[in-house]
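Subject: Structure for you to look at

Hello,

Here is the structure I said I would pass on. Please open it first, then read the notes below.

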Amino acid sequence: MFVGRFWTQCKWEIMLQICRLILLAAVFSSVVIAEQKDVVSVPTRSFSIDYERDTFLLDGEPFRFISGSFHYFRALPGSWRHILRAMRAAGLNAVMTYIEWSTHEPTEGDYRWNEIADLEQFIRIAEEENLYVILRPGPYICAERDMGGFPYWLLNKFPNIKLRTQDSDYMREVQKWYSVLMPRIQKYLYGRGGPVIMVSIENEYGSFSACDKTYLQFLKNITESYIQNDAVLFTNDGPEQLNCGRIPGILATLDFGSTGSPERYWQKLRKVQPKGPLVNAEFYPGWLTHWMEPMARTATGPVVDTLRLMLNQGANVNFYMFFGGTNFAFTAGANDGGPGKFNADITSYDYDAPLDEAGDPTPKYFALRDVILEYMPDPGVPVSQKLPKMKLPPVTLTQYGFLTSIEARQALAKYIFTNDRTLSFEALNQHSGFVLYEAEIPQHLHRDPQALKVTNLRDRAYVHVDNQFIGVLSRENAIDTLPISLGQGKQLQLLVENQGRINYGIANDFKGILGPVTLDGNELLNWTMTGFPLDDYSLLSNYLNQFSGYDSEQARQASVRIFRGHFTIPNEEIHDTYLDPSGWGKGLAIINGFNLGRYWPLAGPQVTLYVPRHILVRGKNELVIIEYQKDVRGEAVIGFTDTPNLDGP
């Protein structure tokens with residue numbers, strides 16, 4: 001009887017457990033089905049091209065972009081959101097930016113992704129401001145940047161490298177760089193849930209003399225392997241360079257500025273690409289400027305008229321530039337203006353763009369916004385007002401010696417190297433600043449006057465004998481010979497400045513003295529080379545703190561002199577300002593350790609240097625000036641103004 005009751009109880013417990021298992025299975029099944037339904041219900045994101053209807057498709061719907069170029073590396077991160085919001089307020093729905101290799105790998109293997117190099121943060125802010133993103137990784141970007149965005153160390157590692165070709169060393173370095181870069185941007189591709197809708201291959205390759213189709217195919221293959229179908233790939237070229245620059249199977253786009261007849265350019269595109277969306281990837285509302293020439297200004301009327309014509313034709317348009325910004329430190333490049341002609345780019349990249357160098361809207365901005373909003377929905381974002389600017393009292397500076405002094409050499413020189421003949425910056429593994437070339441003058445050449453000739457000078461030499469400044473030799477002015485009086489001098493000193501590697505023109509722009517140096521035809525040998533890259537502010541700071549400052553007669557006789565002063569900002573809101581070096585010559589300005597870039601009011605047109613509010617602090621601020629050429633007599637004073645001057649006196 002006991003056994004019977006036990007068995008009956010067990011049967012009920014077994015049945016209860018079976019019921020529980022069936023119930024759990026049902027619940028689990030319903031969850032899986034629900035999850036599957038959720039997965040199926042999520043639409044697939046895609047950005048693609050409908051060639052038959054000549055349009056882009058965003059998630060299957062026709063789409064047009066009106067975007068603006070804004071290079072993240074030309075503004076401090078604290079300004080990014082303000083500028084991007086101003087772009088959105090103008091009616092733009094996308095932002096285009098280059099990715100600069102040299103910003104992210106300034107020395108080999110030293111990758112940087114923070115501060116001004118925080119590309120991912122830039123993309124995230126753009127997305128938060130409701131802008132799609134178009135990336136242009138190059139690897140060559142031109143952009144009026146040093147060496148067109150290539151890192152200088154490529155020329156040190158491979159002196160005979162043929163950039164932008166199927167050169168095996170070059171392609172191997174590109175492959176290595178892309179293996180680091182591309183995984184970082186993949187998650188931001190539109191097909192993977194991000195804002196990046198397009199990615200370029202190379203940059204105006206049709207304008208490059210090599211016309212290496214094997215290289216283009218290599219770049220196409222490697223880019224496709226990372227981007228796949230998650231964004232649209234494209235090339236961009238001038239209307240006359242399509243045959244060399246385009247890649248079969250990749251969307252070809254054009255670059256051109258104001259014209260009364262965009263149709264004639266579209267017709268050239270249609271000859272090589274009969275169908276597909278029309279895209280002006282670089283529509284120029286302004287233009288670049290070199291030292292020693294007037295500031296480039298582009299009238300608003302023709303820009304507005306051409307924009308309306310293109311939009312009426314259903315075209316997609318990107319303004320190059322919508323915001324230009326600044327070539328801080330040594331990042332400005334140069335152009336090859338033809339045989340023997342070298343044109344260095346100014347520090348400002350204002351570009352006469354709709355948003356000025358400080359990110360403020362200009363009259364051109366409002367004129368273009370009126371047209372854009374005729375074709376695009378109102379973004380509902382208010383236009384930002386011009387940000388306030390500061391005018392500060394003049395700063396009195398104390399001279400702290402000169403670059404070729406014993407003290408400066410000990411503190412600031414990165415190396416001292418000897419060789420029979422002069423070597424380039426790149427052979428010495430130096431990016432920026434100066435190299436001091438010194439040679440003893442043989443006794444039999446101690447006669448006056450003598451003709452000093454420097455062959456293949458790149459770019460500017462401050463000539464001294466025994467630390468006494470004699471004169472200047474200049475690549476841009478085609479001056480390679482200087483009559484000098486040696487007197488009792490025993491040592492020739494050539495302090496050579498790198499003014500920016502060519503970004504458009506010749507392929508490899510080595511710096512320094514690339515040929516023989518002669519006195520009355522007699523070549524000088526046995527050179528000592530001392531490197532002053534001026535790229536490590538900690539060295540300069542240590543030097544300044546070691547000395548109380550002095551203004552000796554010897555210091556006045558030399559060029560490239562160092563000054564320091566301090567200024568105070570009261571306990572109130574800090575605003576942008578402009579350093580005004582009027583009365584100074586040519587040089588470099590550094591505030592609180594941040595290199596603002598080159599000034600050169602003697603050459604113009606740019607006079608003032610933009611000073612972002614983000615580098616300033618309440619209370620005591622430090623200003624360091626490295627003056628290359630002019631003897632600043634009397635009290636050394638420099639000012640700050642609340643108004644930029646890019647057009648000269």
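The buried residues of helix H4 pack against helices H2 (77-89), H3 (101-104) and H6 (168-186) and strands S5 (94-98), S6 (132-136) and S7 (196-200); contact means heavy atoms within 4.5 Å. Helices (H or I, at least four residues) and strands (E, at least two) are DSSP runs, numbered from the N terminus.

This is a predicted model: local features need pLDDT of at least 70, side-chain atom pairs count only at pLDDT 80 or more, and totals for chains, interfaces and linings use all residues. Residues are numbered from 1 along each chain as its sequence is written, and side-chain values use heavy atoms, with hydrogens and water left out.

H4 covers residues 119-128, and its buried residues are Leu119, Glu120, Phe122, Ile123, Ile125 and Ala126. Buried means under 20% relative accessible area, exposed over 50%, partly exposed in between (1.4 Å probe, protein chains only). After H4 comes Asn130, with a positive phi near 60 degrees.

In helix H9 (residues 262-272), the buried residues are Pro262, Tyr265, Trp266, Leu269 and Val272. They lie on the same side of H9, because their arc around the axis is only 115 degrees (taken from the directions from the helix axis to the C-beta atoms). Gln267 and Lys271, on the other side of H9, are exposed.

There is also an open, antiparallel sheet of six strands, in the order S15-S27-S16-S22-S19-S20. Two strands pair if DSSP finds at least two bridges between them. S16 (residues 434-440) and S27 (residues 527-532) pair over five bridges, and Val435 stands opposite Gly531 in S27.

Regards
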